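Trainee: I would like to learn how to read a model like this one, feature by feature. Could we look at it together?

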Amino acid sequence: MAPFDNPFDAKRRRGRGGCSCGGHETQAAHEAALPTGDAAIERAVEATLMRALFPHQAERRAFLKSVGLATAAAAVSQFLPTTFVAEAFAEAGKPEKTDLKVGFIPITCATPIIMAKPMGFYEKQGLNVDVVKTAGWAVVRDKTLNKEYDAAHMLAPMPLAITMGLGSNPVPFAVPAIENVNGQAICLATKHKDNRDPKNWKGFKLAIPFDYSNHNYLLRYYLAEHGIDPDTDVQLRSVPPPEMVANLRADNIDGFLAPDNVVQRAVYDGVGFIHILSKEIWDGHPCCSFSVAQDTIREMPNATAALLRAILQATAFASKTENRKEIAAAIAPANYLNQPLTVVEQVLTGTYADGLGSVKKDPKRVAFDPFPYESFAIWTLTQMKRWGQIKGDVDYAAVAKQVYRATDAAKLMRQDGLTPPETTTKTFVVMGKTFDPAKPAEYLDSFKIKRAS
Amino acid sequence: MQRTLSMRAGILSFALLALILLGWQVAVSGSASTEAMDPEYAALMGQSATTGKSAMPGPLDVGATIWKHLKDPFYDRGPNDKGIGIQLAYSIGRVALGYGLAVLVAIPVGFLIGMSPLMSRALDPFIQILKPVSPLAWMPLALYTIKDSSLSAIFVIFICSIWPMLINTVFGVAGTRKEWLNVARTLEVGPVRRAFTVILPAAAPTILTGMRISIGIAWLVIVAAEMLVGGTGIGYFVWNEWNNLSITNVITSILVIGLVGMVLDQLLARAQRLVTFPE
């Protein structure tokens with residue numbers, strides 16, 4: 001029985017038999033009255049947003065009381081227009097605008113976005129895209145929010161963070177495609193080559209590319225599994241990738257978990273070695289994403305769809321190992337990555353020097369799989385909560401569905417004759433522990449070292 | 001005597017340069033010992049790892065790079081790879097815009113403040129607080145509010161180069177000799193005419209000193225601003241080469257930045273000499 005139902009209402013049965021909200025005759029009637037499908041998700045997203053805006057119940061009630069429900073709903077939907085993006089991806093039409101700008105960070109994760117330019121994937125869709133090199137993640141975020149870029153290469157957790165307003169104003173973003181899976185590594189300074197057990201890493205200074213990055217979450221996960229508290233036992237610093245190698249050389253940091261070509265560059269320059277590849281932590285983890293503001297999708301659905309088709313095609317091309325050398329040659333020049341060809345080749349082909357004197361072969365070192373599984377987002381959200389970046393409750397599934405557009409990607413892939421996976425979620429294993437996207441809260445509870453209460 | 005002094009100074013400069021270059025070359029040419037490597041492995045590694053070659057380039061490498069850039073300064077291979085000439089043109093264009101705006105604002109405002117002792121006292125604390133703020137501190141605020149990165153860069157140049165000009169204008173205007181003002185008053189010169197024919201010439205040397213300080217600051221700021229917003233300009237060029245850990249190109253751009261800064265400074269020094277008058 002709900003605590004506040006009306007005891008003087010003749011229609012309402014008191015005590016047993018009512019529904020969980022008290023407003024319906026039976027639980028079945030209650031469930032029938034609930035919104036379903038997209039409406040349900042919309043409601044859940046709104047609820048999450050309200051919780052984020054007003055962590056304290058009393059404030060929320062005061063706000064609603066003072067401005068009224070309609071005003072509140074309008075104000076909130078300004079932050080998060082909850083109408084659905086899927087409708088925007090209508091059937092293929094003429095792009096609204098053909099001159100587009102896409103921002104990227106010069107690392108191999110951006111391979112599909114970059115290669116689509118020199119290899120003509122954008123052109124094939126009738127687009128004239130400028131891929132613009134950008135100085136850092138915060139700048140990419142700001143320039144995409146400013147609409148200077150129509151779409152951008154972002155770290156996979158960034159669109160989630162932006163949508164929820166972590167580190168910026170809340171602006172709903174979408175991830176219609178993941179760029180790459182795997183392709184990161186923990187790199188340590190050469191002086192630590194006999195100190196491979198993380199248990200002895202207390203006091204290390206380690207670098208990560210950005211606070212809202214899977215690099216951050218994977219490194220924290222890895223350290224915590226070895227009993228090192230990433231907040232108190234080591235120092236984690238957010239450092240732009242190119243400066244990581246220089247800092248490692250200058251002995252300012254002991255190592256980093258960084259995107260590739262940076263790791264391989266440290267090896268190439270003889271300042272570090274590859275401790276483990278990130279796939280040894282979680283095989284098949286997403287790293288970077290192709291991100292678009294949901295506004296942009298609504299404003300120019302056809303252009304975004306065309307852009308996305310180009311990315312999906314490029315990703316499919318990049319996923320074949322036999323094409324990797326050709327891709328490396330296309331993206332290594334100064335206009336794109338600006339790296340020695342052999343460094344890019346080692347990353348993409350998976351035949352690489354490990355920095356300890358041997359040549360390793362792992363064709364799966366980096367893989368390209370565009371499908372934005374909602375489970376990826378849910379895992380990221382659990383880690384954001386685990387390390388205190390998200391305060392309060394999260395509706396994991398709703399936020400994931402709102403941002404990681406698995407259904408849209410599947411639709412476009414099918415239109416293009418590619419085969420998307422059957423489901424939009426999947427379970428996976430991170431360091432021997434299975435993650436079930438249906439039970440994020442239990443997963444979070446199972447960690448010993450965490451900041452979330 | 002004058003001639004021999006400048007000649008001797010020239011010879012000394014030259015000798016110093018030769019000494020620096022020689023020292024530099026010697027310092028980087030030594031190679032550290034390296035362990036023997038499997039050839040297959042060595043093929044995947046860089047020179048500094050395989051041969052122990054210093055990661056720091058020598059003057060010969062830098063000279064070759066400068067020559068390469070000078071041979072083809074205006075190439076354009078896409079949005080992220082343009083010749084050093086084009087990059088410099090972008091930077092100078094931005095500086096001209098931001099600095100020009102700052103001149104347009106600082107000198108009239110400085111005049112008004114300078115002519116009123118009350119205003120000059122009242123505004124002084126604000127100017128003193130805003131003056132030492134680093135360009136990098138303004139950048140996020142500019143990006144957030146202006147929502148356009150190239151305008152933000154111009155704004156940052158504007159806001160950083162305005163203060164020395166403003167302060168010097170105020171100082172020059174306030175320091176106009178009382179006798180001259182009194183003479184003007186005796187001759188019943190109107191306020192506008194007084195500003196242009198008496199105060200402006202009197203304050204001009206001080207104002208130009210401020211402008212000279214400001215152009216130096218504007219040129220300092222542009223590199224930092226372009227490194228942050230990226231896209232085009234000499235600052236972006238430095239960042240892009242840093243990204244590739246190409247120290248040779250970084251040193252080249254340092255030289256180019258210094259050279260352009262010197263030219264800008266000399267231009268204003270000329271202008272300053274034109275308006276200086278003997279007391």
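Trainee: At what angle do helix 9 of chain A and helix 16 of chain A pack, and how far apart are their axes?

Mentor: Please keep in mind that this is a predicted model. Two packed helices are described by the angle between their axes and the distance between the axes. Here helix 9 of chain A packs with helix 16 (residues 374-386) of chain A at an angle of about 65°, and their axes are 10 Å apart. Angles of 65 to 115 degrees count as roughly perpendicular, and the two helices are therefore roughly perpendicular to each other. Their crossing is left-handed.

Trainee: Which residues make the contact between helix 9 of chain A and helix 16 of chain A?

Mentor: On helix 9 of chain A they are A:Asn214, A:Tyr217, A:Leu218, A:Tyr221 and A:Ala224, while helix 16 of chain A brings A:Trp379, A:Thr380, A:Gln383, A:Met384 and A:Arg386. Divided by class, the residues of this contact are six nonpolar, three polar and one charged. An α-helix has 3.6 residues a turn, so residues three or four places apart point the same way.

Trainee: How do helix 4 of chain B and helix 12 of chain B pack?

Mentor: Helix 4 (residues 59-71) of chain B meets helix 12 (residues 247-275) of chain B at an angle of about 65°, with the axes 9 Å apart. These helices are therefore roughly perpendicular to each other, and helix 4 of chain B passes helix 12 of chain B in a right-handed crossing. Helix 4 of chain B makes the contact through B:Asp61, B:Val62, B:Thr65, B:Ile66 and B:His69, and helix 12 of chain B through B:Thr248, B:Asn249, B:Ile251, B:Thr252 and B:Leu255. By class, this contact has four nonpolar, five polar and one charged residues.

Trainee: Is helix 11 of chain B mostly covered or mostly open?

Mentor: Helix 11 (residues 234-243) of chain B is mostly covered, for nine of its ten residues are buried. Among them are B:Tyr236, B:Phe237, B:Trp239 and B:Glu241. The buried residues pack against elements of both chains: strand 2 (128-133) and helix 10 (241-249) of chain A, together with helix 4, helix 5 (84-115), helix 10 (191-229) and helix 12 of chain B. Just after helix 11 of chain B, B:Leu245 takes a positive phi of about 55°.

Trainee: Why does A:Met119 count as partly exposed?

Mentor: The class follows from relative accessibility, with partly exposed lying between under 20% for buried and over 50% for exposed. A:Met119 has 22% relative accessibility, and therefore counts as partly exposed. This residue lies in the loop between helix 5 (111-115) and helix 6 (121-124) of chain A. Leaving aside neighbours within four places in sequence, A:Met119 is in contact with A:Phe317, A:Glu326, A:Ile327 and A:Ala330. A:Ala441, placed in helix 19 (residues 440-445) of chain A, also counts as partly exposed, at 40% relative accessibility.

Trainee: Where in chain A is confidence lowest, and where is it highest?

Mentor: Chain A averages a pLDDT of 84, and 81% of the residues score at least 70. Confidence is lowest in helix 4 (residues 69-79) of chain A, at a mean of 59, and highest in helix 9 (residues 214-225) of chain A, at 94. Over residues 79-88 of chain A the pLDDT is below 50, and this stretch has 35 contacts in the model beyond near neighbours in sequence.

Methods
Residues are numbered from 1 along each chain as its sequence is written. Chains are lettered from A and ligands numbered from 1 in the order in which they are written. This is a predicted model: local features need pLDDT of at least 70, side-chain atom pairs count only at pLDDT 80 or more; totals for chains, interfaces and linings use all residues. Side-chain values use heavy atoms; hydrogens and water are left out. Axes are lines fitted to C-alpha atoms, for helices over the stretch in contact, and angles run from 0 to 180 degrees between N-to-C directions. Helices (H or I, at least four residues) and strands (E, at least two) are DSSP runs, numbered from the N terminus. Angles under 35 degrees count as roughly parallel, over 145 as roughly antiparallel, 65 to 115 as roughly perpendicular and the rest as oblique. A crossing is left-handed if the near helix is turned anticlockwise from the far one by less than a right angle, and right-handed if clockwise. Contact means heavy atoms within 4.5 Å. Ala, Val, Leu, Ile, Met, Phe, Trp, Tyr, Cys and Pro count as nonpolar, Asp, Glu, Lys and Arg as charged, and the others, Gly among them, as polar. pLDDT is the predictor's confidence in each residue, from 0 to 100. Buried means under 20% relative accessible area, exposed over 50%, partly exposed in between (1.4 Å probe, protein chains only).
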